[in-house]
Amino acid sequence: MGWLAYLVGIVLPYVALALFVVGFIYKIICWSRAPRHLPWELFPYPHTAGERLGEMVIEVASLRSLKLHNRNIWLPSLLMHFGIYAVVAWLFLVLLGLPVALLGYLGGVAAAAGSLWMFTKRLGRDLRILTTPVEYLNLLLVFLISAGGIITGFFGEGLAVREYMLGILSLSPRLPARPSLLWEIFFLEVFLVYLPFGRMIHFAAKYFTYHRVKWGESH
Amino acid sequence: MRRVLDEYRAISDEVLKPHEKRVPRFLEAMKKSLDSRANWTFWLPYVLSLDTCMKCGTCAEVCPVYLSSGRREIYHPAVRADALRKIYRRYFTLAGRLFPWLVGGEELTEEKLDALVEGSYRCTVCRRCAYVCPVAIDNGLLIREARKILDAIDIAPDELREKGTRKQLEMGNATGTPTPAFMDIVEFLAEEIQDTRGYKIEIPVDKRGAEYLVMHNAGDYLAFAETVMGAAEIFHAAGVDWTLNSPATGINDVVNYGVFFSDVEFEKVLRAQVKTCIDLKIRTLVVGECGHAFEAFKYLMMRLIPEEERPFEVKSILELIDQWIREGRIKVDPRKNPEPVTYHDACKLGRLGGLYEEPRRILKACCMDFREMQPNREMSYCCGGGSGFAIMTKGDFLKFRMETYGKIKARQVEETGAGIVALACSNCKGQFREIINYYKLPVRFAGISELVANALVL
Ligand code: SF4
Ligand code: SF4
């Protein structure tokens with residue numbers, strides 16, 4: 001199994017990171033180089049940079065659109081999103097040398113529970129009629145990563161994860177101390193590769209739909 | 001009537017030509033629509049809306065058609081727009097070409113094309129859904145893009161194209177009113193004013209170099225003459241240098257149905273209108289009570305026609321009246337309109353145009369009892385006359401308008417207890433005329449100009 005560990009732990013991280021970066025930049029460039037379309041804003045909208053930032057923060061932090069207009073999925077979606085935010089924050093803290101295991105576990109539990117809850121919501125009539133298999137798959141992927149992080153103890157191994165990540169980033173990759181972490185590393189790789197090409201890129205797309213379309217373009 | 005989507009037909013088989021092979025042409029036109037240069041006018045919002053819908057269903061919770069139909073699947077905003085997304089996935093994305101079943105790509109057939117055509121005319125592009133979508137995805141815009149692709153393969157409602165933009169370009173107005181008849185109408189309206197108000201006013205026509213050219217929706221002269229008369233009285237009272245124009249000067253109809261279904265037609269009409277304004281050497285074009293014309297001149301024109309090629313200002317008649325009342329240029333007495341009045345925010349003036357306060361200030365100044373309709377402003381429900389629907393009645397289409405949008409609107413009006421619904425858009429007037437009739441509401445509708453004129457103190 002040595003070669004498999006080598007593949008997942010040493011080779012794939014670079015492939016995944018490269019694909020993620022290239023895919024992500026490609027998308028961003030593609031959208032930002034779009035010709036200036038006809039004005040198509042919706043009133044009222046925030047005008048100053050400060051107001052816009054405020055609106056964005058409120059939307060990202062509270063999912064206000066869902067809260068106001070689609071209560072049915074507000075809580076499950078909020079739970080899942082907060083779980084994801086927490087896991088991402090945990091990763092950054094780990095890199096900084098602050099492995100707050102509790103944050104990772106809490107995030108993992110929230111994202112896992114939220115994605116499952118969303119999954120069941122999707123089976124209800126109103127959402128089923130517009131759901132394609134890929135939406136279920138996206139939720140499963142979120143579930144897999146968060147549950148995987150809990151089961152493999154990934155969130156509790158902050159120091160090992162840090163060492164491993166630093167190895168990757170400093171171009172002297174070493175396999176993680178505990179081989180079981182490779183599972184989670186593999187899920188994360190899949191996620192990274194998939195991110196720019198799937199619908200989960202919406203966090204970036206949203207910047208353009210709001211700033212370049214819905215909120216008008218500085219006039 | 002052959003059934004293709006539901007029990008209505010917006011587009012007849014004559015236009016639809018179901019026996020011809022249209023799919024390859026459709027795909028060709030769609031390919032072009034995805035080219036950022038060929039379709040620069042809407043490319044970015046178009047591809048963002050094709051690609052990043054999260055299928056959360058929030059749009060459906062605010063869509064008047066979906067809600068009022070008892071949540072029919074075919075009227076779900078995202079499902080309706082998916083008709084286009086499925087084609088996009090299947091033919092124009094890698095994932096969809098490889099795994100269509102996974103990402104919801106679907107082969108386009110002639111039958112599905114028929115359904116797509118009808119589906120594209122079950123949404124007024126009111127954009128209430130886009131306003132609430134967490135990702136700001138615009139299913140209304142996708143409907144408009146679908147209409148554009150269909151127009152490129154010659155599938156468009158006669159009301160909007162043959163008898164709409166084409167007729168307007170040929171005759172100067174979409175009503176087909178020639179100059180002598182137009183002059184007669186204006187003369188008749190001046191007499192009407194004299195009869196009802198007891199004083200004579202001059203209504204200038206085709207005056208060159210005027211400060212204000214007031215261009216109405218030409219349909220108003222025939223169907224909503226009170227609005228035209230009201231505007232004349234207001235401009236007279238304001239004592240400004242103004243004029244109407246006849247078809248002899250070019251285009252004398254502010255509508256532009258291209259807004260609803262075709263950028264090509266849109267641009268042709270717009271350029272003809274701009275040319276008319278330049279020829280008349282006017283300083284300000286005043287857009288009469290017409291929602292989509294305001295959108296066209298105030299926003300859509302901005303990047304289509306460079307500033308130096310349009311040496312005149314554009315104002316909505318609402319902006320002017322509001323300004324004049326505040327400046328004291330015209331005086332109004334609210335006691336002359338004692339009945340309770342409510343206001344319907346036209347989508348194109350409100351959500352798309354940003355004119356929320358102007359009509360309210362005007363109405364509060366001119367009426368004793370102004371009442372808000374709930375919900376209002378950015379969450380106003382489309383009346384159902386938008387995107388061309390107001391002039392589409394064939395194939396039981398009127399019933400569709402009444403049983404969906406109309407149903408919600410009728411209830412809203414009733415809840416206010418108002419006796420008058422004030423409207424600032426010709427298409428809304430066309431739709432409300434039918435709603436009041438269909439639901440036997442004890443109300444009448446009135447143009448803003450009509451109410452202002454009625455309150456004028458000379
Ligand atoms: S259009 Fe917006 S609100 Fe509607 S399903 Fe897609 S993401 Fe949700
Ligand atoms: S634009 Fe209006 S009618 Fe069309 S889907 Fe959205 S809410 Fe419904």
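## A tour from the interface into chain B

Start where the chains meet: 44 residues of chain A are in contact with 59 residues of chain B. Keep in mind that this is a predicted model.

Select both sides of that interface. The size of an interface is often given as the accessible area lost when the parts come together. Here, chain A and chain B bury about 4600 Å² between them. Carbon and sulfur atoms give 67% of that area.

Next, pick out Leu38(A), Trp40(A) and Phe43(A), and show their side chains. Together these residues supply 19% of the area that chain A buries against chain B. That is more than any other three residues.

Now hide chain A and colour chain B by secondary structure. Look for 22 helices and 10 strands. The radius of gyration of chain B is 22 Å, close to the 23 Å from the globule rule for 458 residues, so chain B is as compact as a globular protein of that length.

Go inside chain B. Of its 458 residues, 66% count as buried. Then display contacts between residues at least 6 apart in sequence. Of these contacts in chain B, 78% join residues at least 24 apart.

Switch to a surface view of chain B. The accessible surface comes to about 16200 Å², and carbon and sulfur atoms account for 52% of it.

Last stop: colour the charges. Chain B carries 65 positive and 65 negative side chains. The centres of the two sets lie 4 Å apart.

Notes. Residues are numbered from 1 along each chain as its sequence is written. Chains are lettered from A and ligands numbered from 1 in the order in which they are written. This is a predicted model: local features need pLDDT of at least 70, side-chain atom pairs count only at pLDDT 80 or more; totals for chains, interfaces and linings use all residues. Side-chain values use heavy atoms; hydrogens and water are left out. Helices (H or I, at least four residues) and strands (E, at least two) are DSSP runs, numbered from the N terminus. The radius of gyration is taken over C-alpha atoms; the globule rule is 2.2 Å times the number of residues to the power 0.38. Buried means under 20% relative accessible area, exposed over 50%, partly exposed in between (1.4 Å probe, protein chains only). Contact means heavy atoms within 4.5 Å. Accessible areas come from the Shrake-Rupley method with a 1.4 Å probe; for residues, only the protein chains shown count as cover. Lys and Arg count as positive and Asp and Glu as negative; His and the chain ends are not counted. The place of a charge is taken as NZ of Lys, CZ of Arg, CG of Asp or CD of Glu. Buried area is the accessible area (1.4 Å probe) that two parts lose on being put together, summed over both.
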